Amino acid sequence: MSDLSASARAALGAAAARAQTHIVGGKSGVDYTQPTGDPGFYGPDSVAWRVHANPVSLAVGGIAAVILELAEPRVRSGVWDHSTFRTDPLARMQRTGEAAMITTYGPTAAAQARVDMVTRMHRRVSGTTPEGQAYAALEPELMTWVHLTAGYGFLSAYLRHVEPGLSRADQDRYYAEGARMGEAFGAVDPPRSAAEAEAWMLAMRPKLRPHPIIGEFLKIVSTTSPLGFAGRALQPLVVQAAIDLLPDWTRRELALPVSRSRRRMAQPLLSGLARLAKAAPGEIPRQAYARMGRNPPA
């Protein structure tokens with residue numbers, strides 16, 4: 001990207017900022033520029049600040065995470081029966097993205113406030129699945145699974161579309177950094193390395209089930225985009241890219257749809273968009289780096 005003109009860089013920066021603002025809603029009221037020197041939960045040298053700055057990582061990885069969450073029957077009932085995914089999927093996705101931005105880039109007080117708010121909401125979520133399993137959102141295993149799926153989705157999308165050469169050490173560091181956040185939300189002994197994350201996935205495999213709700217979710221997100229008409233045209237490729245991030249066994253055992261034509265189109269297009277976004281971080285990461293007296297990495 002070094003050969004881009006100043007005007008082209010400015011245009012890319014504006015586009016990246018708009019994309020990120022649309023994805024996360026842009027109305028949180030959080031001041032990412034203050035207080036000066038407050039690193040929040042992660043800080044500018046973290047891998048999370050690199051991974052979560054890219055809107056492609058968030059969009060593709062977020063859908064992959066929800067597929068895995070909905071495959072767990074107790075999580076599926078908690079999400080589907082106690083959220084607005086069916087009635088207002090765009091607002092629900094934006095709130096999730098907003099929480100990711102605040103807890104990643106926000107100053108410590110704002111990040112902790114969002115953790116506390118989400119925890120209060122989760123305390124009200126409990127019930128029984130159609131199969132007769134009792135559940136409560138704050139069950140440690142369920143909180144750990146939701147935390148793991150989010151990290152797995154974001155990091156896998158970053159590796160696939162943004163920085164395929166990210167070292168295994170940095171991948172381990174990403175999970176280790178996120179463990180503190182997971183514990184704040186109620187996860188117990190969350191994975192602290194890529195190997196531990198992979199082991200957790202395999203341990204949860206016997207508990208995951210295909211379900212029509214997964215298909216309903218995929219239909220919803222295939223036609224819903226915060227980026228308007230252009231985003232809706234791109235969204236089926238984003239969904240296919242999310243499915244492609246998952247381990248082979250999940251595609252078979254969860255009966256996930258695979259379109260060969262969309263697979264061929266998704267990889268080069270989304271990777272190109274991700275590289276452009278990486279060259280021009282959105283407004284939220286830029287403000288967070290400024291709070292720390294730093295520039296975003298080139």
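The dialogue below takes the features in turn.

Q: What kind of model is this, and how are residues numbered?
A: This is a predicted model, in which local features need pLDDT of at least 70, side-chain atom pairs count only at pLDDT 80 or more, and totals for chains, interfaces and linings use all residues. Residues are numbered from 1 along each chain as its sequence is written, and side-chain values use heavy atoms, with hydrogens and water left out.

Q: How many helices and strands does the protein chain have?
A: Helices (H or I, at least four residues) and strands (E, at least two) are DSSP runs, numbered from the N terminus. Here the protein chain has 14 helices and two strands.

Q: What share of the residues is buried?
A: Buried means under 20% relative accessible area, exposed over 50%, and partly exposed in between, with a 1.4 Å probe and protein chains only. Of the 298 residues in the protein chain, 51% are buried.

Q: Which residues have the most contacts inside the largest nonpolar core?
A: A nonpolar core is a set of buried Ala, Val, Leu, Ile, Met, Phe, Trp, Tyr and Cys residues joined through side-chain atoms within 4.5 Å. The largest one has 76 residues, and Val 60, Ile 67 and Phe 217 have the most contacts inside it. Contact means heavy atoms within 4.5 Å. Not counting residues up to four places away in sequence, Ile 67 touches Ile 214, Phe 217, Leu 218, Ile 243, Leu 246, Leu 254 and Leu 256.

Q: At what angle do H7 and H13 pack?
A: Axes are lines fitted to C-alpha atoms, for helices over the stretch in contact, and angles run from 0 to 180 degrees between N-to-C directions. Helix H7 (residues 140-161) and helix H13 (residues 260-279) pack at about 100°, with their axes 9 Å apart. H7 is therefore roughly perpendicular to H13, a class that spans 65 to 115 degrees; angles under 35 count as roughly parallel, over 145 as roughly antiparallel, and the rest as oblique. In this contact, Tyr 158, Arg 160 and His 161 of H7 meet Gln 267, Leu 270, Ser 271, Ala 274 and Lys 278 of H13.

Q: Which backbone details deserve attention?
A: A cis peptide bond, with omega about -5°, joins Gln 34 and Pro 35; Pro 35 is in the loop between helix H1 (6-24) and helix H2 (47-51). Asp 189, a residue other than glycine, has a positive phi near 50°. Asp 189 is in the loop between helix H8 (168-185) and helix H9 (194-204) and is exposed, with a relative accessible area of 55%. Ala 255 also is not a glycine and has a positive phi of about 55°; Ala 255 is in the loop between H12 and H13.
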